[in-house]
Amino acid sequence: MDFNFINVPLLIASALLLSSVLAGMLSARAGFSFLLIFLIAGGLAGEDGPGGLKFSDFTLSFWVGNVALAVILLDGGLRTSLSTFRTGLKPSLLLATVGVLITAVLTGLGAMLLLGLPWQHGLLLGAIVGSTDAAAVFALLKTSGVQLNERVAATLEIESGMNDPMAVFLTLAFIALITAMPDAGGSGLAMMLWSFVQQFGLGTLIGVGAGFLMSEVVHRLPRQHAGGGIMGLLLAASGLLVFSLTGMGGGSGFLAIYLYGMVLGNRGGRRVRAAFSAMDGYAWLSQAIMFLLLGLLVTPSGLLDSALPALGVSAILMLIARPVAVWLCLAPFRFAAREVWFISWVGLRGAVPIVLAIFPLMAGVGHAMLLFQVAFVVVLVSLVLQGTTIGWAGRRFGVALPDRDDEELTRAVFGDFVLDGHQPTGLLCEFYGLPAVPDAQLPLSEWVARQLGRPAVVGDRVPLGGAMLSVREMDGPRIRRLGLSIPLHPAEDDPSHER
């Protein structure tokens, strides 16, 4: 019996995966992301590349993409500490809803002008590329080589984990607008609003509820069956069950599986943490397969006609739409300007826009292939420009924390002196000859917290006269230790740069 019908496809798939991983490891030294390499490898293996493989199964790609994204979101949720919600939940929710809408509208208007699309199709394209991608954010923040301050990292991670429902909702809404009967009227709008509430409501309810339930199951498992490998398999299977059941009920499976992982990761204790290594492997395998498959779908020759306007759409998204959305959404939360600029730049696009771009193809929407090609270019540009500059941007905008082993850099960020947060502010001013300040009777930790006007994180800086106080160590939500810098030339100190 000839088994080549198994061996040949397996040989091609494994060789493609192996070469992509090796190329990714080597290219990482130059700052290129694994995800970009997988995407390019898929394109090279396609019919326009040396591989010459003809692949156009959008239904299979859509299915694989959704499953892969679910596994990636589960892994990200498991690693999200509830303490990060203290600093990142409110701004992330606004970015994941209003921010996606603003980004979609501004990008859609640009697409209308550059591509000559009707307004409905332009806004549909804006919706497709309007959300940041969890796979790209989780992977590239992890491999960027920099540690971001908690507020910035939490905002980016939570936003990427929770903005998919809004992007899916807007994409389906504009597809319905294009394909719906003219007399749908207000009933169509009401149905779309109800769908939005249903997506978020059921996704939250099922995800959180299943997380609490599964955490109780995990604690009751026999110790001999709770190893890392089998536990990882249990988490992946149960997460996909939550994802699919939520989707069948009309909720957002993406939101549900992310929240499920987050609750389970925080309540499951050491048994769940033992599975992190296995889950990391599942997540990387999912990312590799997903990006390879999406790369296979695109024929580079088909991108030539729309390449220039697609690059224009990418520029509008990265340089106008995303920054405007971030600045408007974060304005109430007193983020430092340098943090807002960094979050604006790291609006990473990945597999989600390409998966969403399959929706119009499956629905038979006009200009669907053009929308897919433009979405692919947007993702490619984002991974090349934004994905490869995360480390540089983190240092440039001052949101990267120093390596504690680098004594010189640590002193530059945290100062020359270490102070206890319980020390009275007035006593410090008196000891160092600094000008008296209001509320001098408060401990330094409370005085700094009041000056910030937001939850403090390690790396926050507040001017005190001619000196600078830096948050050096936290104890939960409270500041435990601070660093003090007293410049030789106080006139060089520019508090506006920090605030």
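Visitor: How many disulfides does the structure hold?
Guide: This is a predicted model in which local features need pLDDT of at least 70, side-chain atom pairs count only at pLDDT 80 or more, and totals for chains, interfaces and linings use all residues. Residues are numbered from 1 along each chain as its sequence is written, and side-chain values use heavy atoms, with hydrogens and water left out. A disulfide is a pair of cysteine sulfur atoms within 2.5 Å. The number of disulfides in the structure is zero.

Visitor: Is Cys429 buried or exposed?
Guide: Buried means under 20% relative accessible area and exposed over 50%, with partly exposed in between (1.4 Å probe, protein chains only). The relative accessible area of Cys429 is 3%, so Cys429 is buried.

Visitor: Which residues is Met290 in contact with, leaving aside its neighbours within four places in sequence?
Guide: Met290 is one of the residues that touch the most other members of the largest nonpolar core, a core of 124 residues. Such a core is a set of buried Ala, Val, Leu, Ile, Met, Phe, Trp, Tyr and Cys residues joined through side-chain atoms within 4.5 Å. With contact meaning heavy atoms within 4.5 Å, the partners of Met290 are Gly65, Ala68, Leu69, Ile72, Ala135 and Ala351.

Visitor: Which nonpolar, polar and charged counts make up the lining of the largest pocket?
Guide: Ala, Val, Leu, Ile, Met, Phe, Trp, Tyr, Cys and Pro count as nonpolar, Asp, Glu, Lys and Arg as charged, and the others, Gly among them, as polar. The lining divides into nine nonpolar, eight polar and six charged residues.
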